[in-house]
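Here's a quick tour of one protein chain. Have a look at the sequence and the structure first, and then we'll go through some spots in turn.

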Amino acid sequence: DNGRVLTCVFYCNVGWEEGSGGQLRVHSEDGKFRDIEPLPGRLVVFFSDKRVPHEVIPCERHRYAVTVWYLDGLRRQHALS
C-alpha cells in the first residue's frame, strides 16, 4: 500500500493508433479485464488501492498523460516508514 486512494489520468496522445499498446488494463474480481485506450482528451478516474487492480500495457511508442493521485496521509506515512 503506497497511500494512493484515487487516480485521475488525462491522456494527451494526439494521433494515437489502436494496437500501439499503452492501454490501462483494469482487472475485475471474476478474472476478466477491460483495456482502456489512451485516446487524446480521455479522462479516467478510478480507485487506485486494492479495490481496482490495474496495470499499464507496454507501449510501442511514446505515451503522454497527466496523472494526479489523491493520497491518504496516514496510509502514505505508514508506507514511507
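## A loop residue out in the open

Let's start with Lys50, which sits in the loop between β4 and β5 (54-56). (Strands are DSSP runs of E, at least two residues, and helices are runs of H or I, at least four residues, all numbered from the N terminus.) Lys50 counts as exposed because its relative accessibility is 79%. The labels go like this: buried is under 20% relative accessible area, exposed is over 50%, and partly exposed is in between, with a 1.4 Å probe and protein chains only. Along the sequence, Lys50 and Asp1 are 49 residues apart, yet in space they are 8.2 Å apart, C-alpha to C-alpha.

## What you're looking at

This is a predicted model, where local features need pLDDT of at least 70 and side-chain atom pairs count only at pLDDT 80 or more, while totals for chains, interfaces and linings use all residues. Residues are numbered from 1 along each chain as its sequence is written, and side-chain values use heavy atoms, leaving out hydrogens and water.

## The whole chain

The chain has one helix and six strands, in the order β-β-β-β-β-β-α from the N terminus on. Its C-alpha atoms fill a box of roughly 40 × 30 × 20 Å along the principal axes. Of the 81 residues, 27% are buried.

## A charged residue tucked away

Where is Glu37? You'll find Glu37 in the loop between β3 (33-36) and β4. Glu37 is buried but has no salt bridge, and Arg42, the nearest side chain of opposite charge, is 6.7 Å away. (A salt bridge needs a side-chain nitrogen of Lys or Arg within 4 Å of a carboxyl oxygen of Asp or Glu; for charge, Lys and Arg are positive and Asp and Glu negative, with His and the chain ends not counted.)

The side chain of Glu37 does make a polar contact of 3.1 Å with that of Gln23. (That's a pair of N or O atoms within 3.5 Å; within protein, one must be able to donate a hydrogen and the other to accept it, and residues adjacent in sequence count only if both atoms are side-chain atoms.)

Phe10 lies in strand β1 (residues 4-11). Why is Phe10 counted as partly exposed? Because its relative accessibility is 37%.
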